[in-house]
Amino acid sequence: MNLSTTDKNITSDVSSFIQRRVLPVTDELRSHALSIFQNLGLPGTKHEEYKYTPLTRELEKNFSFQHDRVASHVKDLTPFLIPGVEANVIVFVNGIYSREHSAIISPPSELTVLDLQEVLDAKNPEVIRHFNQYTSIKTDAYAAWNTADWRAGLFINIPDQSVVKAPIMIYYINDASAGEVICSNRNLILTGKSSEVTIVEKFNSFGTGNHFTNLVTEIAVAENALLNFYSIQNDKGNRYQYTNTEIHQKNSSRVNTFSFSLQGKILRNNLHLMIDGEGIESHMYGLYLLGDNTLADNHTVVDHKKPNSFTNELYKGIMDGSSRGVFNGKIFVRPQAQKTNAFQANRNILLSEKAGVNTKPQLEIWADDVKCSHGCTTGQLDEEALFYLRTRGIHKDSARAMMLYAFAGEVTDKIKHTPIKNYIDAVISERLQ
């Protein structure tokens, strides 16, 4: 693919930015990733995977790439924390691990959290076996950027048979009060056989500067393990974000993912599930509730490589103002993945004439004994239902909020963790009112 002059310029700017960071790009993988990044170039809107999401152009317009990471002296992070949750708390401020705001309360028999770079430097064989094995840096320039540039990250390990009672809350907070902030973070999470864990990542900021987060998370889910994974983007600031979450599942594992894109400037979320075993069950739920000029792009991939598994995907969007939603969901069923059940649905409501959505559900099936379906709908609120509520004495605005809350509830009702559900419900209710 030929790059425009603009795309070449920003690729060069980012390359220089990576090379002058505090940690030099010296190890083999980082150097290799930087070379791939330079050859690929950041994708423009002519790139099929970024056709409706001008993230590269917006980065070029709004960032100078002249400054290294900006230190923050923030003391009180209470406004950004989810209340009422007894949790393992891990905080990154401007991409830097904050020891003073973090606390692991689970015993070592349940959970180990270490610095990812230190574990890699120690040549931990289990980490070496999994690190960068699920992320495609050869085709995605943003993933290659992350692999060359990440400066802080986590290695989270849940042993076999371990049930982590307290959820793991990972907060990414950007202090943009002193200017632009650019962060690259990397995580590797290994869940042992028959283990159970809930992980929540949450993104917030303060200050008026522009800030960009590039986050890659790789998760290996072992046999019979259960993973509940939440991503909450509710940032009132000038957040530009790329997240790439890769989940690799083995036999009889269960995964539930929840993606909530509620505020921000441009949010690009890649979520990939590799179904590499039998008897697997996975559910992917997403809600994008957008206003003003926010753009949220959800790209999902479910790749069935083995037979006898079930996956279900439901993403719903509510767009108001000049906001735009993008949903691109792919399901692959490989020739050996017989007896696969895979379902995908995307449903959208547009509340203004300026709001829009681009949706593209896709199936690619090479097996013949499967049950698969996909579909999408886009429309406005049901006027007859709205009229019915008004005839019952309900004010128009309240009736509208009730209908939208019910629409979102098909996703939020799936949340089993009560404090997290209460928080999401409260945010959605406040927005809809």
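Modeller: Start with the sheet. Nine strands form an open sheet, and their order is E3-E4-E6-E8-E10-E12-E14-E16-E18. The pairing in this sheet is mixed. Bear in mind that this is a predicted model.

Look at the two ends of that order. Strand E3 (112-115) and strand E18 (356-365) are the edge strands. Each of these two pairs on one side only. Now look at how the strands are turned. On average, neighbouring strands of this sheet make 10 degrees with each other, direction ignored.

A word on pairing in general. Strands of a sheet pair through backbone hydrogen bonds, either parallel or antiparallel. With that in mind, go along part of the sheet.

Take E6 and E8. They pair in the parallel sense, over 11 bridges. Here Ser184 stands opposite Asn214 in E8. Strand E6 covers residues 181-191, and Arg186 lies in it. Is Arg186 buried or exposed? Its relative accessibility is 0%, so Arg186 counts as buried. The C-alpha atoms of Arg186 and Leu432 are separated by 34 Å, and the two residues are 246 residues apart along the chain.

Next comes E8 itself. How many residues of E8 are buried? The count is 12 of its 12 residues, and E8 is mostly covered. Both faces of E8 are covered. On one side sit Asn210, Phe212, Asn214, Val216, Glu218 and Ala220.

For Asn210, the bridge partner in E10 is Asn238.

Move on to strand E12 (residues 266-275) and strand E14 (residues 295-304). They pair in the parallel sense over 10 bridges. Leu271 has Thr300 as its bridge partner in E14. A helix also packs on the sheet: helix H3 (residues 55-62). H3 touches strand E8 (210-221), strand E10 (238-249) and E12. The direction of H3 makes about 140 degrees with that of E10.

Now the helix pairs. Two packed helices are described by the angle between their axes and the distance between the axes.

Begin with helix H2 (residues 28-40) and helix H6 (residues 141-149). They pack at an angle of about 150 degrees. Their axes are 8 Å apart. Angles over 145 degrees count as roughly antiparallel, so H2 and H6 are roughly antiparallel to each other. The crossing of H2 and H6 is left-handed. Which residues make the contact? From H2 come Leu29, Arg30, Ala33, Leu34, Ile36, Phe37 and Leu40. From H6 come Ala141, Ala144, Trp145, Thr147, Ala148 and Asp149. Sorted by class, this contact of H2 with H6 has 10 nonpolar residues, one polar and two charged.

The other pair is helix H8 (residues 396-412) and helix H9 (residues 418-432). Their packing angle is about 150 degrees, and their axes are 10 Å apart. That angle makes H8 roughly antiparallel to H9. H8 passes H9 in a right-handed crossing. On the H8 side, Ala401, Leu404, Tyr405, Ala408 and Thr412 take part. In H9 they meet Lys421, Ile424, Asp425, Ile428, Ser429 and Leu432. The residues of this contact of H8 with H9 divide into seven nonpolar, two polar and two charged.

Ala401 has its place in helix H8. Ala401 is buried, with a relative accessible area of 3%. The cut-off explains the label, because buried means under 20% relative accessible area. Leave aside the neighbours of Ala401 within four places in sequence, and Ala401 is in contact with Leu432 and Gln433. Ala401 and Ser429 are 28 residues apart along the chain, and their C-alpha atoms are separated by 7.9 Å.

Ala426 lies in helix H9. At 46% relative accessibility, Ala426 counts as partly exposed. From Ala426 to Glu246 the separation is 29 Å in space, C-alpha to C-alpha. In sequence, Ala426 and Glu246 are 180 residues apart.

Definitions and conventions:
Residues numbered from 1 in each chain as written. Predicted model: local features only at pLDDT ≥ 70, side-chain atom pairs only at ≥ 80, totals over all residues. Heavy atoms only, no water. Axes fitted to C-alpha atoms, helices over the stretch in contact; angles between N-to-C directions. Helix = DSSP H or I, 4+ residues; strand = E, 2+ residues; numbered from the N terminus. Parallel < 35°, antiparallel > 145°, perpendicular 65-115°, else oblique. Left-handed = near helix turned anticlockwise from the far one by under 90°. Contact = heavy atoms within 4.5 Å. Nonpolar A, V, L, I, M, F, W, Y, C, P; charged D, E, K, R; others polar. Pairing = 2+ DSSP bridges. Buried < 20%, exposed > 50% of the residue type's maximum accessible area, 1.4 Å probe, protein only.
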